[in-house]
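Q: Could you walk me through how such features are read, giving the general idea and then the case at hand?

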Amino acid sequence: MPYHYEATSEFIQSISEVEKLTALASSDDENRSLFLKLAVVSLVTKFQVFVEKALDEFRYTINGMKSGSLPLYMKMNAVRLSVLDGNPLLGMQNKIDFTEEKKNRIVSYLDSISFISDDNAEIDESFLFKTKFPLGKTGKGELVKLLSQIDGNQNPFESFDTDDFDKLDSVLQTRHLIVHQDRFTGTETTVSDNVAFLKNLVEYIDGYLYSKTPN
C-alpha cells in the first residue's frame with residue numbers, strides 16, 4: 001500500500017521489531033513479562049515518532065506556498081503560537097526603553113507574520129506549526145489539537161471508528177504504567193491488538209494530513 005509520508009512507511013516497517021519482541025515473549029517464559037513490556041514501550045514510542053515526523057513532513061510541504069493558499073485558521077494559529085512563544089510587541093505598553101535594537105526586532109517580527117495581511121507572502125521556515133507530541137498518561141486530546149491546527153476541525157477523527165480512537169488513551173496509559181510503575185498485566189494478544197490499532201490509526205493520519213495539504 002502506497003503511503004504519502006516517509007514517516008508512515010518507516011512506522012509500518014518498524015513494527016516488525018515489536019512483533020519480534022512479542023514472539024520472544026511467547027518462547028521465553030522466564031523473560032516473558034520483560035519482552036512484553038519492551039514491546040509496548042517500543043510500539044508507543046514509534047507511534048510518537050511517527051506523529052512528529054508526519055507533522056514535520058506536512059509542515060515542510062507548505063514552504064514556498066503563497067499565504068492565500070493556506071486556511072485562515074492555520075495562519076491565525078501560527079500568529080497565536082508566535083505570541084505564546086514571546087514576541088517583541090509584548091510588554092510595550094509598560095516599557096519605554098525604545099532602542100534601535102528593539103525596533104529591528106519588531107520589524108523582523110512583523111515581517112515574519114506578513115502572511116496574515118498579504119496573500120502573496122511566501123511561507124517560509126518562520127511559519128509556526130506545532131509538531132511535538134509529548135507522551136503522558138493520555139494523548140488523544142493532544143493529538144486532536146495537533147491536527148486541528150490545519151483548519152480548526154475539532155473532530156479530525158470523525159471518519160475513524162470512535163470506539164477505536166478512544167482506545168488511544170488506554171494504549172498510552174499502558175505505556176505510562178510500564179515506564180513509571182513497571183506495571184503490565186497484558187498478554188501477547190494485548191500487544192498484537194495494540195499493534196493493529198496503531199497501524200490503522202497511522203494509516204488514517206497519513207491520509208488525513210494528505211487530504212488537508214493546501215493546493
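Q: Is Lys199 buried, partly exposed or exposed, and what relative accessibility does Lys199 have?
A: The model here is a predicted one, and the general idea is that a residue counts as buried under 20% relative accessible area and as exposed over 50%, with partly exposed in between. Lys199 counts as partly exposed because its relative accessibility is 28%.

Q: Which side chain meets that of Lys199 in a salt bridge?
A: The general idea is to look for a side-chain nitrogen of Lys or Arg within 4 Å of a carboxyl oxygen of Asp or Glu. In this case the partner is Glu203, and the N to O distance in the salt bridge between the side chains of Lys199 and Glu203 is 3.0 Å. Both residues belong to helix H7, and because they are four residues apart there, about one helical turn separates them. Glu203, with a relative accessible area of 18%, is buried.

Q: How many salt bridges does the structure hold, and which parts does the pair of Glu10 and Lys53 tie together?
A: The structure holds 10 salt bridges. In one of them the side chains of Glu10 and Lys53 meet with an N to O distance of 3.1 Å. Glu10 lies in helix H1 (residues 6-27) and Lys53 lies in helix H2, so this pair ties together parts that are 43 residues apart in sequence.

Q: At what angle do the axes of helix H2 and helix H5 cross, and within what distance do they come?
A: Two packed helices are described by the angle between their axes and by the distance between the axes. Here the axes of helix H2 (residues 32-61) and helix H5 (residues 140-148) cross at roughly 15 degrees and come within 11 Å. Angles under 35 degrees count as roughly parallel, and the crossing angle therefore makes H2 roughly parallel to H5. The crossing in which H2 passes H5 is left-handed.

Q: How are separation along the chain and separation in space to be read for Leu177 and Lys137, and for Phe47 and Leu72?
A: The two kinds of separation are stated side by side for each pair. Leu177 and Lys137 are 40 residues apart in sequence, and their C-alpha atoms are 8.1 Å apart in space; Leu177 is found in helix H6 and is buried, with a relative accessible area of 17%. Phe47 and Leu72 are 25 residues apart along the chain, and a distance of 29 Å separates their C-alpha atoms; Phe47 has its place in helix H2 and is buried, with a relative accessible area of 0%.

Q: How far apart are the C-alpha atoms of Leu209 and Leu146, and those of Asn215 and Leu135?
A: For Leu209 and Leu146, which are 63 residues apart along the chain, the C-alpha separation is 11 Å. Leu209 is in helix H7 and is buried at a relative accessible area of 0%. Asn215 and Leu135 are 80 residues apart in sequence and 32 Å apart in space, C-alpha to C-alpha; Asn215 lies in the segment after H7 and is exposed, with a relative accessible area of 89%.

Q: Which residues make the nonpolar surface patch?
A: Leu89, Met92, Ile96, Phe98 and Leu110 make a nonpolar surface patch of about 500 Å². Leu89 is found in the loop between helix H3 (72-84) and helix H4 (100-112), and at 36% relative accessibility Leu89 counts as partly exposed.

Note on methods:
Residues are numbered from 1 along each chain as its sequence is written. This is a predicted model: local features need pLDDT of at least 70, side-chain atom pairs count only at pLDDT 80 or more; totals for chains, interfaces and linings use all residues. Side-chain values use heavy atoms; hydrogens and water are left out. Patches are made of residues with over 30% relative accessible area and no salt bridge: like charges are joined within 9 Å, nonpolar side chains (Val, Leu, Ile, Met, Phe, Trp, Tyr) within 5 Å. Accessible areas come from the Shrake-Rupley method with a 1.4 Å probe; for residues, only the protein chains shown count as cover. Helices (H or I, at least four residues) and strands (E, at least two) are DSSP runs, numbered from the N terminus. Buried means under 20% relative accessible area, exposed over 50%, partly exposed in between (1.4 Å probe, protein chains only). Axes are lines fitted to C-alpha atoms, for helices over the stretch in contact, and angles run from 0 to 180 degrees between N-to-C directions. Angles under 35 degrees count as roughly parallel, over 145 as roughly antiparallel, 65 to 115 as roughly perpendicular and the rest as oblique. A crossing is left-handed if the near helix is turned anticlockwise from the far one by less than a right angle, and right-handed if clockwise.
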